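I opened this notebook to record a search for charged side-chain pairs. My entries follow the order in which I looked things up.

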Amino acid sequence: MADWPSLPPELIRRIADCILDTNDLDCYVDFRAVCPTWRSATDDPKNSSELRFRPHRWIIIDEVFESHSRLLVNTVSGLVVRKDLPLLGSYFVVATTHGGFFVLGKKEPPHAAVVLNPFTGHMIRFKASPNYVGVCAAALSGLFMGKLPTSSDLSELRSSPTLILLSDRCYREYFMAVPDSVRFSIDAEDVKLYALLRLAAGGGICATDSWQRTAALLPVGLADKIFSLMKLVTDSNELEPVKSIGDRAIFIGHRMCVSVNTHKFPSIVPNCIYYACSSDSSLDIYQYDLPTDNAERVSEGIGSLINSGMSFANPPFTIIQLLSSYTINARASQLAMEKIKPQPQAAATPYLDYWSDSDLDIFW
């Protein structure tokens with residue numbers, strides 16, 4: 001029988017590197033837990049913010065009521081992981097990023113922000129509190145092109161991770177902070193940059209370099225093309241219909257959009273666009289076939305994250321239902337909800353449990 005603990009350290013590290021190449025962080029953590037020899041031969045991700053230990057293309061697509069369990073899906077590899085995160089009991093969940101980070105706020109005042117890697121347990125701690133109403137998306141990046149916060153100088157941003165929070169309320173605000181910032185810098189004036197950041201956070205387009213390198217959320221040339229396209233859509237009809245996206249499928253919603261490789265998700269049909277459509281009494285998912293220009297209803301939608309009286313599908317849910325739900329549903333920040341809870345006036349006065357759908361509408 002093979003003596004697995006006696007494998008050469010070089011071979012152990014090569015195997016571990018192969019796991020990290022696919023961003024399978026959950027498997028990497030399990031790999032290190034096999035025995036002390038394997039653990040000593042590999043790097044501890046909990047104490048490192050290196051790029052190879054950062055989650056990429058992971059999305060958090062559901063939550064179990066009154067639990068700390070979350071389902072994470074990798075849109076590139078097709079991996080699906082259910083994670084139990086007891087640590088969430090000590091924090092308010094503010095938002096999640098398209099890459100797979102949790103943005104948290106401490107339950108104790110002043111509610112300092114924490115960014116959690118759910119696979120490795122690594123935490124980036126901030127001094128500022130993310131207690132803003134209407135936070136709809138978040139991103140974690142190094143320096144990006146655009147207006148810099150007035151409260152932080154260039155050298156600080158270049159060497160530090162930057163936490164970006166976006167609000168979809170009517171002011172189109174975005175908030176930025178580095179770990180040592182006393183407060184988040186707020187900007188509601190640069191609408192063009194807000195639109196770029198919103199596209200980046202909603203579509204998963206964000207910097208994947210190390211903190212020390214300067215990079216834009218999007219290359220400047222590509223950003224200009226996107227804004228030109230946005231202007232073209234607004235001002236003219238000179239658009240060429242697309243009839244093929246190859247082996248990919250796109251899930252679109254008013255909150256997020258996701259592109260997946262259908263080879264990794266066999267139940268998803270290639271060259272199609274999936275979207276949810278609501279009626280007076282139900283929420284349905286439609287599959288639009290690009291070559292034939294036909295749309296058909298394929299499933300009921302999931303309503304577990306929506307505050308309404310419509311009827312919805314019952315579990316177990318399919319991957320199509322979960323990805324569609326991700327694009328249209330968004331929990332309000334638990335910290336913001338805690339801050340706006342009315343003081344109890346009488347025993348019968350209820351607390352606010354969540355925002356209504358109108359409070360969470362997109363305004364851009």
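The entries below concern salt bridges and the exposure of their partners.

Entry 1. I noted that this is a predicted model, in which local features need pLDDT of at least 70, side-chain atom pairs count only at pLDDT 80 or more, and totals for chains, interfaces and linings use all residues. Residues are numbered from 1 along each chain as its sequence is written, and side-chain values use heavy atoms, with hydrogens and water left out.

Entry 2. I looked up the salt bridges (a side-chain nitrogen of Lys or Arg within 4 Å of a carboxyl oxygen of Asp or Glu). The structure holds six.

Entry 3. I examined Arg-52 and Asp-17, which form a salt bridge with their closest N and O atoms 3.9 Å apart. This pair links distant parts of the chain, 35 residues apart: Arg-52 lies in the loop between α3 (36-41) and β1 (58-63), and Asp-17 in helix α1 (residues 9-21). Helices (H or I, at least four residues) and strands (E, at least two) are DSSP runs, numbered from the N terminus.

Entry 4. I checked exposure, where buried means under 20% relative accessible area, exposed over 50%, and partly exposed in between (1.4 Å probe, protein chains only). Arg-52 is partly exposed at 29%, and Asp-17 is partly exposed at 37%.

Entry 5. I found that Arg-52 also meets Asp-43 in a salt bridge (2.2 Å, N to O). Asp-43 is partly exposed, with a relative accessible area of 39%. Shared partners join Asp-17, Asp-43, Glu-50 and Arg-52 into one network of salt bridges.
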